[in-house]
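Dear colleague,

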Number of protein chains: 2
Amino acid sequence: MISTIDTVLLRIAGHELQVLLWQRPADSRAWPGAWALPGGWVSEDRDQSLEQATCRILEQKAGLKPDYIEQVATIGNRQRDPNGWSMTVLHLALIRFSASESTHQDTRWVAVDAVRDQSLPLAFDHAKLLEKALERLSTKARYSTLPLYLAETELKLPELQRIYEIVLGNPLHKRAFRERILSAGVLEDTGVRIQGRGSPATIYRYQPDCAVRLFDRMMQGAMGEAIDE
Amino acid sequence: MISTIDTVLLRIAGHELQVLLWQRPADSRAWPGAWALPGGWVSEDRDQSLEQATCRILEQKAGLKPDYIEQVATIGNRQRDPNGWSMTVLHLALIRFSASESTHQDTRWVAVDAVRDQSLPLAFDHAKLLEKALERLSTKARYSTLPLYLAETELKLPELQRIYEIVLGNPLHKRAFRERILSAGVLEDTGVRIQGRGSPATIYRYQPDCAVRLFDRMMQGAMGEAIDE
DNA sequence: TCAATAGTGTCTCTAAGACACTATGAA
DNA sequence: TTCATAGTGTCTTAGAGACACTATTGA
């Protein structure tokens with residue numbers, strides 16, 4: 001059976017988490033004209049590996065190179081595609097706003113909430129796939145520096161905290177947040193201070209190719225909850 | 001391209017973590033007679049979903065029904081199979097010793113260490129796949145009740161602690177371990193006390209279909225380490 | 001008798017959570 | 001002047017780690 005790759009590519013725009021969608025051609029057999037996650041088939045000729053295929057497809061569909069890509073799950077069953085058995089390897093990808101403009105006419109950044117409240121229906125089971133990827137992101141945000149890839153490479157700590165809060169969906173304690181992030185050792189003080197309303201804000205920098213760092217405790221939210229997975 | 005499913009099925013026997021292996025037929029084109037992870041092709045006719053296919057293949061290859069199954073990753077590239085591009089959905093499965101006897105002649109339980117020190121080479125990239133699944137297990141053992149599925153449904157706490165220690169590869173503090181596990185609320189006191197050498201041991205029970213419970217802190221080991229994933 | 005065993009008491013340490021506080025400059 | 005902002009001080013609390021201790025019984 002033929003396998004595809006689908007990617008949930010996310011960015012932060014303003015105070016909103018957005019997902020990159022791709023519009024299916026008007027003459028598609030299934031879901032013509034519908035919005036969908038950018039995806040495609042693995043090519044035995046052109047692709048060396050799944051990882052490389054994921055990058056190729058994103059480059060092709062949207063002309064974008066994410067700052068972070070991770071496999072979420074592989075979903076395969078008889079129901080998800082009207083044409084019968086189909087299988088897709090789902091990925092979560094993150095990109096910072098300043099690198100996220102796509103020149104492709106058939107792509108669009110859409111607020112994640114617009115898909116969640118079903119004001120924008122997606123093709124196939126892509127709404128479910130989006131949900132899975134978002135759950136992965138918010139789970140990891142509770143114990144890692146993963147959301148850092150949504151931030152610009154030079155940033156103020158309160159900015160990063162806002163990104164975490166958008167991803168987690170709840171406010172965080174400033175004191176604990178600062179402590180955590182700084183102790184992770186991924187942020188370097190640039191020495192620059194910016195005067196806004198309050199005390200001068202410290203500008204930090206991270207390396208775009210830095211590894212995700214894990215904490216030994218979860219942040220906030222309900223703990224010890226039962227999960228299915 | 002055709003996709004397969006491979007499963008790392010684990011059990012605890014004595015003080016050893018063991019993996020179920022399956023011997024490839026002597027007339028296979030690739031790796032004849034070699035030991036491999038139990039796996040097989042997804043069947044568009046017989047299978048409804050990947051999950052169901054995973055169970056079918058395990059049932060067929062070994063006649064076993066694991067107490068727990070989880071997807072680990074999907075690996076696909078040009079190198080892993082001498083016949084060219086191939087892709088496999090890797091699973092981690094756990095089974096308690098008392099339910100782990102396989103009647104199939106071409107399967108064998110093998111100490112994980114025997115594969116790790118390369119005294120038993122595996123077919124294809126299966127040694128790497130095993131490593132990936134083991135890493136998932138030991139990571140989750142640090143913050144969840146996952147290893148419980150390796151224990152009998154009625155158990156003493158020191159027994160469970162030994163299982164955790166085998167999985168993690170290092171000793172744990174008795175006090176902290178008891179506190180953690182009991183506070184998770186998955187173990188029910190049967191009321192039975194067994195007299196051994198020391199004080200009477202409390203026998204606890206868990207429901208084999210219970211959900212994995214997560215803790216809000218990691219147990220032991222190096223924290224805040226960089227990871228690639 | 002002695003060593004292995006199951007279990008408890010209790011102290012320390014770390015990091016999260018909570019809240020108050022200062023300093024600053026834009027509206 | 002007022003208020004939004006960046007940042008610090010410090011107290012409390014929960015749970016992990018460390019260690020000592022009891023009680024019991026098989027070898």
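Do the copies meet through the same surface or through different surfaces? Of the interface residues of chain B, 100% are also interface residues in chain A, so the copies meet through the same surface; contact here means heavy atoms within 4.5 Å.

This is a predicted model, in which local features need pLDDT of at least 70 and side-chain atom pairs count only at pLDDT 80 or more, while totals for chains, interfaces and linings use all residues. Residues are numbered from 1 along each chain as its sequence is written, chains are lettered from A and ligands numbered from 1 in the order in which they are written, and side-chain values use heavy atoms, with hydrogens and water left out.

Turning to the interface, 41 residues from chain B and 41 residues from chain A take part in the contact. Together the chains bury about 3,600 Å², 49% of it on carbon and sulfur atoms (accessible area, 1.4 Å probe, lost on being put together and summed over both parts). Between chain B and chain A there are zero salt bridges (a side-chain nitrogen of Lys or Arg within 4 Å of a carboxyl oxygen of Asp or Glu). Strand S5 (68-77), strand S6 (86-94), helix H3 (126-141), strand S11 (212-213) and strand S12 (226-227) of chain B each supply at least two residues of the side that touches chain A (DSSP runs numbered from the N terminus: helices H or I, at least four residues; strands E, at least two). The largest share of that side, eight residues, comes from S5(B).

Over all chains, the count comes to 24 salt bridges. One joins the side chains of A:Glu70 and A:Lys140 at 3.2 Å, N to O. This pair links distant parts of the chain, 70 residues apart: A:Glu70 lies in strand S5 and A:Lys140 in helix H3 of chain A.

With kind regards

Methods:
Buried area = accessible area lost by both parts, 1.4 Å probe.
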